[in-house]
Amino acid sequence: MRTLTGITPSGTLHIGNYFGAMRPAIEAQAGGDCYYFIADYHSMTSVTDPAERRSHTRGIAIDWLAAGLDPKKSVFWRQSDVPEVCELTWLIGSLTPMGLLERAHSYKDKTSKGISPNFGLFAYPVLMAADILLFDTNAVPVGQDQRQHLEMTRDIAIKYNQTYGETFVVPEAVIRADVAVVPGLDGQKMSKSYGNTLEIFGDEKVLRKKVMSIVMDSRTPAEPKPDAEKNICIQLLKHLAPAEVAADFEARLRAGGLGYGDLKKALFEHYWSFFAEARRRRAELVANPDYVDQVLLEGAERARSVARVVIKRARKAAGLE
Ligand code: ADP
Ligand code: TRP
């Protein structure tokens, strides 16, 4: 059972990324055969500053390792170190109907926000399908927003298999209901595009201020809050604190007598201690850049040895060899 997932290096990682994609991926390591990569080709449509791409790529590599990705258990590489994925994008893209890509939510969202579309943005689900199919992937842990891309990947794999004979493994999305959509500080889905994120790593003062500035309603502390489960701090505490602690805060908020300031303070403390160990590991990794380079280099070699076999199979099936 092979698990694979990727994260685009287009900004700083937040706790939505952590609970939706990173933690399930890290937990899957216990079963072995895990493939994780930094999707730097995917960042080409949003980042055009080379220095920024390099620094985000390195930053995200460090974040993953600090969060618990173990290079002894998992293959971990930078997407562009395995360029076979571009060839596969062409092979499968040539069988992908325009209509399928036109229906992609991510494409529609981006164009509706005024981002002027280019080939890369339109073809993004094909590159993502190639990422997955190139490694004979069975399971892809992602957040809810990626479900449609996984369905497209399955459609593309099935079409290739029907056209050229059994070539690709048809993968499944792994979307855990409890973490499918982690809310942001404003209650919408947490996303770097909405500016409502709580970062996994960052400056304590800045992050404390972010938490303390979460907007609440104007009810007094004494008032009972029958809708306590909808409170954003309670929802985040359910991810960051032990279940009984989150339940206790929810009960106190519901009953009345718990002020929002105290609730936010508690949220910050739980958040800060949740990532304490990862923060310590991150500081060590930052001080050891050669180790990070070595991990990515070795990972790329291992990933490439699998990719070569699959691309050969796809080429042969299509009559390119
Ligand atoms: P963003 O929306 O901040 O740009 P990405 O699209 O880079 O995040 O997401 C990287 C991974 O993290 C994907 O698997 C995505 O589904 C997951 N993810 C992102 N935001 C959330 C969230 N709020 N809740 C759960 N998972 C999320
Ligand atoms: N598109 C994903 C995102 O925006 C990142 C990604 C690229 C990915 N290739 C992938 C995720 C392959 C899973 C599998 O979050």
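Predicted model: local features only at pLDDT ≥ 70, side-chain atom pairs only at ≥ 80, totals over all residues.
User: Over which ring does the charged end of arginine 282 sit?

Analyst: Here the distance to the ring centre is 5.3 Å. The ring under the charged end of arginine 282 belongs to phenylalanine 201.

User: On to the second largest pocket. Which element gives the most to its lining?

Analyst: This pocket holds about 420 Å³ of space and is lined by 19 residues, with Thr89, Phe119, Ala123, Tyr124 and Leu127 nearest its centre. Two or more lining residues come from each of helix 3 (84-93), helix 4 (98-102) and helix 6. With 7 residues, the top contributor is helix 6.

User: How many charged residues are in the lining of the second largest pocket?

Analyst: Sorting that lining by class gives 12 nonpolar and 7 polar residues. The number of charged residues there is none.

User: Is leucine 127 buried or exposed?

Analyst: Leucine 127 is in helix 6 and is one of the residues nearest the centre of the second largest pocket. Its relative accessible area is 14%. Buried means under 20%, so leucine 127 is buried.

User: Then what about phenylalanine 119, buried or exposed?

Analyst: Phenylalanine 119 is also found in helix 6. Its relative accessible area is 65%. The cut-off for exposed is over 50%, so phenylalanine 119 is exposed.

User: Which residues line the largest cavity?

Analyst: The count comes to 1 cavity of 30 Å³ or more, and about 30 Å³ of space lies in the largest cavity. By class, its lining has 6 nonpolar, 1 polar and 1 charged residues. Those residues are Phe37, Trp77, Gln79, Val82, Val85, Asp131, Leu134 and Phe135.

User: Tryptophan 77 and phenylalanine 135 form an aromatic pair. How far apart in sequence are the parts it ties together?

Analyst: The pair is tilted, with 4.9 Å centre to centre and 50° between the planes. Tryptophan 77 is buried at 1% relative accessibility, and phenylalanine 135 is buried at 3%. One partner, tryptophan 77, lies in strand 3 (residues 74-78), while phenylalanine 135 lies in the loop between helix 6 and strand 4 (139-141), so the parts tied together are apart in sequence by 58 residues.

User: Why does the pair of tyrosine 271 and phenylalanine 275 count as edge-to-face?

Analyst: Tyrosine 271 is buried at 0% relative accessibility, and phenylalanine 275 is buried at 2%. The ring centres are 6.1 Å apart. Planes over 60 degrees apart count as edge-to-face, and this pair qualifies because its planes are at 75°.

User: Which residues do ring pairs link into a cluster?

Analyst: The count of aromatic pairs comes to 18. Tyr271 and Phe275 both belong to a cluster linked by ring pairs. Its members are Tyr18, Phe19, Phe268, Tyr271, Trp272, Phe274 and Phe275.

User: Last one: how many disulfides does a search of the whole structure find?

Analyst: A disulfide is a covalent bond between the sulfur atoms of two cysteines. Cysteine 34 is buried at 1% relative accessibility, and cysteine 233 is buried at 0%. For the whole structure, the number of disulfides found is 0.

Key:
Residues numbered from 1 in each chain as written. Chains lettered and ligands numbered in written order. Heavy atoms only, no water. 1 Å grid on protein atoms, 1.4 Å probe; cavity = no way out; pocket = protein on both sides within 12 Å on 5 of 7 lines; lining within 4 Å. Points joined across faces, edges and corners; volume = space filled by probe spheres on them. Helix = DSSP H or I, 4+ residues; strand = E, 2+ residues; numbered from the N terminus. Nonpolar A, V, L, I, M, F, W, Y, C, P; charged D, E, K, R; others polar. Disulfide = S-S within 2.5 Å. Buried < 20%, exposed > 50% of the residue type's maximum accessible area, 1.4 Å probe, protein only. Phe/Tyr/Trp six-rings, centres within 6.5 Å; stacked < 30°, edge-to-face > 60°. Lys NZ or Arg CZ within 6 Å of the ring centre and 35° of its normal.
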